[in-house]
Amino acid sequence: MAPNTIEKSPADKGMAFGLRALNRFASSSTIDKLKLRKPAEKALYSTTKGGFKAAGAVGRQFTKQKGDKPARQPSAKSYGLFDLTPTDEQAMLTEAFGDFAQSELKPIAGQADHDCAAPAELLAQSIELGVTMIGVPEELGGAVEERSAVTSTLISETLAKGDMGLAVAVLAPAAVSTALGLWGDADQQATYLPEFVGENVPAAALAVMEPRPLFDPFKLDTKATRNADGGFTLTGVKSLVPRAADAELFVIAAELEGKPALFIVEAKTDGVAVAPEPAMGIRASATATLALEDVKLPVESLLGDADPEVYADCIRLGRIAWSALAAGTGQAVLDYVTQYVNDRVAFGEPISHRQAVAFTVSNIAIELDAIRLTTYKAASRADAGKSFARESALARQLTATKGMQIGSDGVQLLGGHGYIKEHPVERWYRDLRAAGMIEGVLLV
Amino acid sequence: MINLEYPKKFKPLVSQANMVAQELLRPNSRKYDIAEHEYPVELDMLRSLIEGMEDGAGMGAGAAGVGKGDASENGGAPKAEETGTKNGTNLSTALSIIEMCWGDTGLLLTMPGQGLGNSAIAAVANEEQLKRFKGKWAAMAITEPEAGSDSASIRTTAVKDGDYYVLNGEKIFVTSGERADVVVVWANVDPSAGRAGIKSFVVERDNPGLKLDRLEHKLGIRASDTANFILQDCRVHKDNLLGDPEVRTDKGFGGVMQTFDNTRPLVAAMALGCSRAALDELRTLLTDAGFEIDYDRPTAHQPGAVAEFIELEADWEAALLLTMQAAWMADNRKPNSVHASMAKAKAGRSGTDITLRAVKLAGSVGYSENELLEKWSRDSKILDIFEGTQQIQLLIIARQLLGKSSSELK
């Protein structure tokens, strides 16, 4: 007998046959006809394939406007001192969004995760708080005078402390208004930005990711070609686009003449289709696949002049935003496990009296602060007009590794209890996997 | 306003420290690694230079600069009332230590006049003592053969005899013990009171009761001498007791331990300097070998060595910002005990990790004595040990986060 083959006894063979039969039975439709399968087992979104619908079904028509010159938020004046104190304005906004996160997001996080949707009322409240106005220049009706990557970072963090999935749902349209505030020309700003500072703010999303392994945002499969009339044709597939089914406006990354670029795409445009794409986590953001088939765009849809630095900044600012979310969710993990390990008694005393448990809590606190500080640094450099490629990469590196470790430790510290949905740590585990991986979607 | 850059006003100081490191420490690095226990005479000229600077911007190449949350005004920048924050000597000292240890950690540790004892004096001495010990190089003697991390259980005793205390015991691992002018010795005036009885005494090096037993041979930081002392009926005047002479069970030990909230970020800074030396060298080696470090492309698309470099650099940056945060909090008199330990824990473990992995990536170039990478990976190990080991830092953090006493969370 060869050393690596495992000899099967007749009994083993019988068991193997039995398992195959069991599998066939379990996958047959017979048990469904007999109503043997519990209704809950039916996946909420089981028909992803072929489930594409035209996007922008309820969307508005954006009327083209002419602008004078593009408005930009200026950098804030700095004293050049190391400082971790937010400005009064930032402190006020963080408190308001923090209250919102704790009283509105946190209590419904589990349900929204299950439903793969954020309640419309909650999204409306976030608009009232001005979430889409943060990145809009003041002269166009924006809420904040100066360039506000740090402000957006603080808001993202505090929202994710309530719930990451709902935070993504809330912040998705803000990514589009921020992109227009940063890179839109006068006409683009005049056409779209009034909608984001008004009463009836459209759902909108920034789509970069594509469904392939080792996705590199600088090498896109989605292609844009120039048409004879000066416009563009877009073809490709975008993945994990939040609230895409309801969105009225997209900013979409596509390769134009060998370089990645950003395009403004109204959802009603022919050839734009959406299919639900529920994922491991951030489910409340109603992630979807966006299919673009010969989508014809006018010349004014190109955002940021196809400048490679604009595109690179978009990717970097997205990474900062995801790190901010990881900092918020990481804080939720730390707060939760701190309480749990003190309450949970084993072997006659709280498990927090064991170094193996206590040190895990210490390490969560250390790496969480590390993610937070590197994220703040990247954002503050963006606000100051300094380069932030290095800083956003380092924050993302920590988010991908230590942020996930925090999620994993959160479940581990609760043991079996961490694995069941009675506790939120399993959701945070799923959400934190997204934070160091997803490209685009958000902007600070 | 949130800003995590080096303060503009410290830039000249940092650049000066870097120059000293480049011109004076690096060139002597290998020399005193080989000639262990030999006094680095090159440093004498630095002493007067540093002392001159200290009265100004707080060059504080060593630990002496930090004291009772001493936060000098914002230099040329607007006053704190206007800016809402202070950048003082805790931060400036940390930043200059990073530069100096980028030069050489062992030599920084034996910088004349810059002992850990100077920190203790700055933190707890009264006005008269501050004046009397000004300009003295002060070493710190805490550890004993049977008391390392559990410094509360030290056995050295101090018995009152008229105007004097009589000290008896054994002290090990005293950095700069041979070279210093005075040694700050921890001893218990009332062992029955436990940790509350622990006081620190300034003992002159030429006191006949303070006997140098031996100098240690070490894994790294060989330029810095590590002395063992025997205290035998060592008579110390009562005016040399630092802080409150009374035994108070309600506080006492906490006062002695306070020193560490200010010095832990400085040891973190040492680890940052030492590991940045390795990181800088590794960057050069990788670049020369044709690798480009691209921060924008996902690391999964880059060569393994580049991905590893970015991973190490992220840990370094994290440790830097945690350290700056802890120092900034001290400057602004915010309680920073947890943050000081977080900085020390992160910088300590990252320092070892970065320097050792730099050796691995550099291969024989890293491992050979022809270059300094192997030395930095030996030097860095101590920085995850002294001023509280990694494990002690994690304990301090956990106790405070979880609200546990040392008897509950042992």
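Which residue takes a positive phi in the hairpin of S3(A) and S4(A)? Gly230(A) does, with a phi near 95°, and the hairpin has five residues between its strands. Keep in mind that this is a predicted model.

S3(A) covers residues 223–226 and S4(A) covers residues 232–241; they pair in the antiparallel sense. Ala224(A), for one, has Leu234(A) in S4(A) as its bridge partner. S4(A) also runs antiparallel to S8(A), a strand of residues 288–297. Here Val237(A) stands opposite Ala291(A) in S8(A). The two pairings look like this:

| Strand pair | Sense | Bridges |
|---|---|---|
| S3(A) and S4(A) | antiparallel | four bridges |
| S4(A) and S8(A) | antiparallel | seven bridges |

Now step back to the whole chain. Chain A splits into domain 1 (53–76 + 86–202), domain 2 (223–306) and domain 3 (308–435). The centres of domain 2 and domain 3 of chain A, taken over C-alpha atoms, are 31 Å apart. Where these two meet, domain 2 of chain A brings eight residues and domain 3 of chain A brings nine. On the domain 2 side, five residues are nonpolar, two are polar and one is charged.

Then there's the partner chain. Contacts link 40 residues of chain A with 44 residues of chain B. On the chain A side, the elements that give two or more residues are helices H8 (308–343), H9 (355–383) and H10 (389–414). H9(A) gives the most, with 13 residues. By class, this side of chain A has 23 nonpolar, twelve polar and five charged residues.

Note on methods: Residues are numbered from 1 along each chain as its sequence is written. Chains are lettered from A and ligands numbered from 1 in the order in which they are written. This is a predicted model: local features need pLDDT of at least 70, side-chain atom pairs count only at pLDDT 80 or more; totals for chains, interfaces and linings use all residues. Domain bounds come from an automatic or database domain assignment. Two residues are in contact if their C-beta atoms, placed from the backbone, lie within 7 Å. Ala, Val, Leu, Ile, Met, Phe, Trp, Tyr, Cys and Pro count as nonpolar, Asp, Glu, Lys and Arg as charged, and the others, Gly among them, as polar. Two strands pair if DSSP finds at least two bridges between them.
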